[in-house]
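Open the model in your viewer and keep the sequence panel beside it.

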Amino acid sequence: MKVEMQSRAEMFSLEAELVRLSQDALKLEQKVTELFELLRGPIQRYLVTILGNAAEAEEATQETFLRLYQNLHSGQRIRNVRAWLFRVAHNLAIDRQRTSKSLDIMDASYAAQLLTGSQHLGSSPERRVLDQERLGRVQSGLAGLSAQERHCMDLRAEGLRYREIADILGISPSSVAEFLRRAINKLMRALNA
Amino acid sequence: MHKLFRTDRASPDWHPTYDELQFYLDGELPAEEASRVRMHLEACWSCRVRSEKVQETIAAFIDYRSQMLEALPEEPKQLRTFRARLRATVEESGRRPLLIAWREFLTESFRTSRLRWAVVSGAVAAILAALLFMQLAKVRVASASELLSRSVGLRAAQIRAVPKPIIYQHLHVRRMLEAPSNLPLDDQSATVEIWANPLGAQVRVAGQGWSEVSGASSNRPTPSSSVAKPQSEAGRAFLVWKGLEETYRVNRMDWRQPLSAASYEAWRGRLEDKYERVEPSVLPNGAQVLKLWTIARGAVPIGSIAEAGLVLQASDLHPIGGTLGVRQEEGYCNYDLAEMSFRVVTLEALRPDIFAEPALTALAEPVTVGAAPATRALPSVSELAATEMQARIGLHRVAADLGEPIEIVRSRHEVEVRGLVDTDQRMRDLVVALQGIPHLVMKVLTVAEAGKSPPVSSPENVSEPRSQAAPGLTSVARAVSSPKLPIQEQLEKYLSEHRSTTVSPGGKGNGATEGTVQHDIQKLTSQAVTLSEASLEHAWALRRLAERYTPDEVSTLPPESRRQLEDLVRDHIRALLEQNRKYGALVKPVLFSIAGKPEGSSQSSTGQAEADWPVFSPSLFNTVSQVDRLTSTLFAGAALPVEADSSTPGAMGVKTKSPEACVRDLLAALSLLDTELPRLEKRVEGDFLSNR
């Protein structure tokens, strides 16, 4: 029952479909529900990394898709639904984010689990220790990233292209490249420290 | 950025810059440059190592990220919540703004152009027609008149086939009254049953609890304005029906058959100027339908229908739904009608006093006596099997197969969906999910409609732990209110140790304060309870499917239904696997800290995991419900179970299990699931039912 949205062609046909459906509230509702089922995962993951709280991320995810409905319903044309959703989610999250620490808290509680060995990381004990050390290094490296750098990394990890990331964050594609470069460099240094 | 380095590329000593490497790895380089970098990487070791370092870094980040996100709990009811919120949003923004707005636009255009009507009418009409075609009429299957007259003919044939015919209609009626200003939309529903003699005047209309509200006064319609606003649910539903009846009378339509082509045509045929479209459509549950819309052009008087729609089953042009937009003094009053069941029965099969006064009554004892209703030819076994499976899929789509008191009963001539739902909104979910499925009859009540009568507990549901309403809420509430859990100290110890090691290099939050540990415990326990309940819901649904579809039964299923059953089973197993994985990630570390990690893996107890469908589901269900019971014991403070052994033989003198023993049991059950669920998932890949 799961469908993956892949090609650009599919994206364009989706755009056309949405334009058509925007006239019919019931069909549009159905379509938005489908899109929610399809895309809530990535959106929610991204929101969690910003908000650092699963419940809040979930709420914001729903809010994002409700806005999708409202915008389509009012006749707005949306070319790239996925990028649009990420942009709205990003802005919602930034509005809600009261402190900039949520991310660190998220990472920190995860790090605790790493230390207690709760994750099934590798099969052998040696492997597990190695993995834990590596992940610990990533964590300390991430602590040194700026918010924008981290956003770029998370969005890229969701498979978005530079241009889409630029669109979502409201910066230029070359800044995206630059942020990613800096982020990877910082992580690389932490990993090889 | 990489363009800066273009000039250097000709030189034999050229190496891609860091930026170029990154762009190349991310697929952001133009094809020509990308192939140049690729060739260079093949040749140049040092650049290859550089690029691998980048890849390794990315890999480490991805690993970290996915593990961090995996550790997150997920609220399993999310889809349902979202659907409800979306529904509310849809309603806020107006359900059919296009039609209404468009109609007003038309009315407006005509009003303003009336002075020069003779001159401009042609042009206006042409533009409007063009607009209409651009907006709406994509596919024309048949003209509206043709469609309606065929539908009328088909129903007449149905009626002729039965001696002394009586038409029985069971309808869900929803009324949305547009409030004058920014008051909330007045949204009410009613479920009515109508028995009408198509050849005579006899009629009887019944709704839940109407005897009290309609009183013995009269059968004549009372204008709704003159009736005081009743407080009871039944009273409000009664008014919805009276309003609809009044609308049908005012518009000279047959209110005794509200959902019929004949009734629709009675209104439509008298419109001199109208816009119409017919369009084929597919309902969310896959049913093929034709939708007909008619919009009256020009102003209509108050109380008249300004626009209407009819939804007809594509196969037999039987109307299954409709809408009416009635002009009010301010705004519109919209009615949505959906058919829950329809039959043509013979008068002989009904109670003799069915048409005795009063015509408006409470819905009481079954009015059908005698044999099965003879409408059309009886559907074949495989048609009924297909209907039943469609109903299951429909219910699954709205998550109504996870423990709500809803059951599907198949008789020789139809499939019945019976049950009780919490809200009107939920009722609509079900109506939409099941609309247009052939040979299907819906007998679903809302709690309000059912009134004081206790929830119908079907025999199937009685023993189910999930049949009571919202057990999730009660146990979570229990978790919160219960001051002390059997493993309270261990949890505190674990979570506070956990905290103190948590403090990251940044030094956020100085260790564990009392409050935060309590908060963590609460969070952990309520997540554990939610997750284990979600698992139980799916295990229960699977068990029901397994009980229903024995191998013999499966062999009678048409191929399409078999495929749908496979989808259902797969869906539930995947959901189980997912919940179980999250549950394990959440509680295992804590449990290990209490009971220690078990030595080696306990593969021995897996038993006959190779057993075929549907044998595995009962045992699976037992394991999952054991997990759920232990979860409520350990994390929600339910009573500790009694020891299964008989060291104290007295009837009352059984001893309770120690919390540690419960923890060990829970870990054992989890490890059983950990090995069995993935195996199951493998087994249900592809056409697992068709292969045998």
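Two residues are in contact if their C-beta atoms, placed from the backbone, lie within 7 Å. By that rule, residues 24 or more positions apart account for 68% of the contacts in chain A with a separation of 6 or more.

This is a predicted model: local features need pLDDT of at least 70, side-chain atom pairs count only at pLDDT 80 or more, and totals for chains, interfaces and linings use all residues. Residues are numbered from 1 along each chain as its sequence is written, while chains are lettered from A and ligands numbered from 1 in the order in which they are written.

**Chain A**

Select chain A and colour by secondary structure. Chain A has 9 helices and 0 strands (helices are DSSP runs of H or I, at least four residues; strands are runs of E, at least two; both are numbered from the N terminus). Along the sequence the pattern reads α-α-α-α-α-α-α-α-α. Of its 193 residues, 42% are buried. A residue is buried if 20 or more other C-beta atoms lie within 10 Å of its own, exposed if 12 or fewer, and partly exposed in between.

Select Leu35(A). It sits in helix α2, residues 25-51. Leu35(A) counts as buried because 20 other C-beta atoms lie within 10 Å. Which residues does Leu35(A) contact, leaving aside neighbours within four places in sequence? Show Phe65(A), Leu68(A) and Val81(A). Draw a distance from Leu35(A) to Val81(A): the two are 46 residues apart in sequence, yet 9.1 Å apart C-alpha to C-alpha.

Next, select α7(A), residues 147-157, and α8(A), residues 162-169. Their axes come within 10 Å and cross at roughly 130°. Axes here are lines fitted to C-alpha atoms, for helices over the stretch in contact, and angles run from 0 to 180 degrees between N-to-C directions. The two helices, α7(A) and α8(A), are therefore oblique to each other; angles under 35 degrees count as roughly parallel, over 145 as roughly antiparallel, 65 to 115 as roughly perpendicular and the rest as oblique. Show the side chains at the contact. From α7(A) come Gln148(A), His151(A), Cys152(A), Leu155(A) and Arg156(A). From α8(A) come Ile165(A), Ile168(A) and Leu169(A).

**Chain B**

Move to chain B. Its secondary structure comes to 21 helices and 12 strands. Of its 692 residues, 37% count as buried. Residues 24 or more positions apart account for 69% of its contacts with a separation of 6 or more.

Select α10(B), residues 261-268. This helix is mostly covered, with 6 of its 8 residues buried. Among the buried ones are Tyr264(B) and Trp267(B).

Select α11(B), residues 381-397. Is it enclosed or open? Of its 17 residues, 13 are buried, so α11(B) is largely enclosed by the rest of the structure.

Step on to Ala399(B), which follows α11(B). It lies in the loop between α11 and β10 of chain B. Ala399(B) is partly exposed because 18 other C-beta atoms lie within 10 Å.

Finish at His439(B), in the loop between α12 and β12 of chain B. His439(B) also has a positive phi, about 60°, although it is not a glycine. Buried or exposed? His439(B) counts as buried, with 22 C-beta neighbours inside 10 Å.

Key: The expected span of a helix is 1.5 Å times one less than its number of residues.
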